[in-house]
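Colleague: Could you walk me through reading a sheet and a helix in this model?

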Amino acid sequence: MRNLLLSVLTASVASGALITAAAADITITYPAGWEGLMEPAFADFEKKTGEKVVSTVVPKEIDQRITVDFAGGAASDVVVYDSYRTAEYAESGYLADLSAYTSNWGAWDNYFGSLKEISTISGSVRGIPVYTDVRMLWYNRAIFEKAGIEQPWQPKTWTDILDAAEKVKATNPDVDYPIYFPVGTKLAEATTMQGFYMALLGADGSEGGANRLRDWNEGKWIGDSPAIRKTLSLYQEIFLNKELSGRELYYTPDVWGDMRRAFANGEIAIMANGSWEYNSIWRAAGIEKTPQERDEFMAWTRFPGDGSADAPQFSNISGGWNVAIAESSDQKDLAWQLVESIFDADRYAEWVAGQGRPAVRRDALEAPAYKADTYLTSLSPLLEETTGRDTYPGYSSVSAFVQQATTDILDGKTIDETVATFRENLEDEFGEDQVKIIE
Amino acid sequence: MITTSHVWLRRSATPMAIAAIPAILFILLFVFYAGWTIWTSFTDLALLGRKSVNPNFVWFDNYIRLVTRDGFLASVWTTTVFTFFSAIVGQCGIGLLLAILLKNSRFKLKSVVEFAILFGWLAPDVVAAFMWNAFASSDGMINVMILQPLGFEKVNLLNEYAIEVVIIANIWKGTAWSYLLFSAALDTVSKEVIEAAYMDGANALQRLRHVLLPLLRAQIATNLLFVTIWTYAFFSLIYALTGGGPGRETEVLSIYMYKQAFDVGKLGYGSAVAIAMMLIVGVLSVFYVRQSKDQTK
């Protein structure tokens, strides 16, 4: 018995020692699919510093994982996060100030100004951008041909989109999703970005924040506006009045994978989505396709405005991902060395081109692999005219309210009821004086 | 016997106290987190931003919003429907029925049925969710192998009958527990009592209603207590299968709470939902405990 007790004690002391040793390692949390960028960087870093990298690869919903890790005080030294969170994370004191590091880092000059801005809060750099994206309407060429819709498809208004979807519905009864338009809470930020925002931005002029969720001049969230109502009525048209989309794909156990497989299987005709799908669809479907085969299968067109007088002709919104160091890390200098390894110029350029993701650095755009990619270069005009979301602290709550509003429409609530709830949610969260109504 | 154990306890007071430390720590931990949740429910603590660092004490604002704002009451209703049909009628009812029917059945049949229902119980919730998705989706087994060969139109079950699908999935998932509990309980009912009722001329239904059910009353109440508590707070299978959708059709309280706390980021409001859930389940528990005690009087 005594021996047993002794061995238990020894074991616990040993495991304690192990835990202490592990705490000295550099930890990093990043999304699955980034191994190509990360693993060679870890090897370099370990060789250079003699320290070990302990990584956590998150297969899904990393956004939520990182947020909860931060809130619970369990964040890794280095984290990869969705860049729209920068303002809120910074306000919560979760992100280390990287300004001292970036000012001595030659590569920082290569980053585009707009992306540096997204990651800089009150003059302090909080994250290093990895890549960005643009949004558009993807369509299935074969279905369009069967529906007799002219290609390349160039819709000028929302009516053109609905008309095309109706033609598909009439001619392709097997296609359950004449249009796939992100809705509901399970798709989370994708509903806000790929669906709601894309419509909202094209529903009115930009004066006074009329086509946004926040009026930055007045410093208020927008609780009701003609553009918000028009956007919700687009949801109503698609899901209720014209029944142009099934609902299952927005709620399945694997919402992203199932959506991609459905597109690859020809069950979706038009899809409001992002630039990454050119690759992601085929990865999820497990199908190898050359760029030429992909171009024969699918094409993209710009997302048009609603056609009203002040509204922009097309809308687009961009996001992206950042690498950052947690404020809670007690080995920030070492963590920065790992960040520098991750952004090794040649390796980064090759990886970002291989991912089919728009790069955020001038030197990467010049890399041969990137230049040779006709798809990536075709996105350049969109990148020039893009905008970001209203990432003022509190944005993620607003975005969740947006997702709830689209759910309400699906549940059959009227536009008035839905907007009233949306506005009430904003007023509860920020106070009435922080919410603006546009008549 | 009792005296002996007391002596033993007295003699080994120190080791017993040491052995109790983990339990005491656990109890303290539970009390701490319960206390923290109650406290949080009176604040506007957020997951992110200013309110995550400096939350305000908002008194009963969160609780007032439970009843004045959309969402909570609808979820209470959804959860009640889900619990009533999947736990009380489904798991408990079918579990009892199976236990009675299989009590004297042949060994092989019993083994097959037991294996089948235990499989559902043993499958992890997320695996079960993927299975039911493969089963009920528009290209799923029900459509492809049953409805279409019989000449019926394809039905998108997860679109049109989402709450029914999650109820059936949960019955499939959880009936094993009730079955095992009732099987064990039935073994304690003496054969003589049933035979006596038979001799007195009671038919099968009368034997069930007037003899078996009253004898099993305590076990039924205990089982109802258990299945109600955990079904009322059930999350994983529904969340993985439908995410609370389509729309809010399957948004039970646990999903509503999760979304409010972690999607919207309102930890204070989410805590208020959690406390409200606890109170609802608490009231039901008192009811069940009373039911099981009545019999012993």
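Modeller: Gladly! In chain A, β9(A) and β10(A) (residues 220-224) pair in the antiparallel sense over two bridges. Strands (E, at least two residues) and helices (H or I, at least four) are DSSP runs numbered from the N terminus, and two strands pair if DSSP finds at least two bridges between them. This is a predicted model: local features need pLDDT of at least 70, side-chain atom pairs count only at pLDDT 80 or more, and totals for chains, interfaces and linings use all residues. Residues are numbered from 1 along each chain as its sequence is written, with chains lettered from A and ligands numbered from 1 in the order in which they are written.

Colleague: Which residue stands opposite A:K220 in β10(A)?

Modeller: That is A:D215.

Colleague: What is the strand order of the open sheet?

Modeller: In general, strands of a sheet pair through backbone hydrogen bonds, either parallel or antiparallel. Here three strands run in the order β9-β10-β16 (chain A), with mixed pairing. The edge strands, β9 (214-215) and β16 (435-437) of chain A, each pair on one side only.

Colleague: Now the helix: which residues of α11(A) are buried?

Modeller: A residue is buried if 20 or more other C-beta atoms, placed from the backbone, lie within 10 Å of its own. In α11 (residues 255-264) of chain A, these are A:V255, A:M259, A:R260, A:A262 and A:F263. They line one face of α11(A), because they fall within an arc of 160 degrees seen down its axis (the arc of directions from the helix axis to the C-beta atoms). After α11(A) comes A:G266, with a positive phi near 75 degrees.

Colleague: And how much of chain A is buried?

Modeller: Buried residues make up 51% of its 439 residues.

How values were computed
A residue is buried if 20 or more other C-beta atoms lie within 10 Å of its own, exposed if 12 or fewer, and partly exposed in between; C-beta atoms are placed from the backbone.
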